[in-house]
Every structure is written in C-alpha cells, then in structure tokens.
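Visitor: Hello! I would like a close look at one part of this structure, and then a sense of the chain around that part.

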Amino acid sequence: NFIEEIPFPQKLIKNKIDAVEFDSSNGKIILISFDIKNLSKNQIFSFYRNFFKEKKWKKDENKNFWEIRNERFKKKIFKIENFENNIFTIKIIVENF
C-alpha cells in the first residue's frame, strides 16, 4: 500500500525497466529503475520536490531523499539512488518492524 501513496510521472511508468522488493533489517526495501529518455533530471526532481513538500515530508538538504514518520510506520524514506545512462533509480524504505 505504501508505494501506491507515491505518484510516478506517467512517462516513468511507461518506461519501468526493473523492480526489486525485499525485506531487510531496515524494513521493506523497494528498488525501481526507469528509462528516462523522455524526461529531464530537472523535471523529475521538480515533480518529487513539489509532491513531498505538499505532503510535508522532510528533505535531507545534502542528499536526494525525503522521509516522514507516522503512527503506522516508524519511518518511510524515498531516495533517488541513480541518474546515469538515462536510467533513473529510486529506493523506497518502509521501516515497520
């Protein structure tokens, strides 16, 4: 359910190339990669910056990740992992145990 709360630009959804989900000592981790030939890095950052600001997620000023804490989960993290060779990779961590 958590991933459904985070929107993805329509162009990214059409170009999803890889997704991995697993449990770790930090919680559930989801890695998703997209081909970004049709979107710029600035468009993607702007999209997420606006979304997370509206939802009141805290942004780490030195890194490309946002986090929120609430009653249901200890912490949720959305992190931009990679922007290389037209591939955009994000990591989503849900700490719930």
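Visitor: How many bridges join strand 3 to strand 4, and do the two run parallel or antiparallel?

Guide: Happy to walk you through that part, with the reminder that this is a predicted model. Strand 3, residues 58-59, is joined to strand 4, residues 65-68, by two bridges, and the two strands run antiparallel. Between the two strands lie five residues, and together strand 3 and strand 4 form a hairpin.

Strand 4 also has a partner in strand 5, which covers residues 75-84: four bridges link this pair, again in the antiparallel sense. Here you can look for Phe65, which has Lys79 as its bridge partner in strand 5. If you follow the side chains along these strands, keep in mind that in a regular strand they alternate between the two faces of the sheet.

Now for the surroundings. The chain holds two helices and six strands, in the order α-β-β-α-β-β-β-β from the N terminus. Its radius of gyration is 13 Å, which agrees with the value near 13 Å for a compact globule of 97 residues. The C-alpha trace spans about 40 × 25 × 25 Å along its principal axes. Of the contacts with a separation of 6 or more, 48% are between residues 24 or more positions apart, and 37% of the 97 residues are buried. As for charge, there are 20 positive and 14 negative side chains, with the centres of the two sets 4 Å apart.

Note on methods: Residues are numbered from 1 along each chain as its sequence is written. This is a predicted model: local features need pLDDT of at least 70, side-chain atom pairs count only at pLDDT 80 or more; totals for chains, interfaces and linings use all residues. Side-chain values use heavy atoms; hydrogens and water are left out. The radius of gyration is taken over C-alpha atoms; the globule rule is 2.2 Å times the number of residues to the power 0.38. Buried means under 20% relative accessible area, exposed over 50%, partly exposed in between (1.4 Å probe, protein chains only). Contact means heavy atoms within 4.5 Å. Lys and Arg count as positive and Asp and Glu as negative; His and the chain ends are not counted. The place of a charge is taken as NZ of Lys, CZ of Arg, CG of Asp or CD of Glu. Two strands pair if DSSP finds at least two bridges between them.
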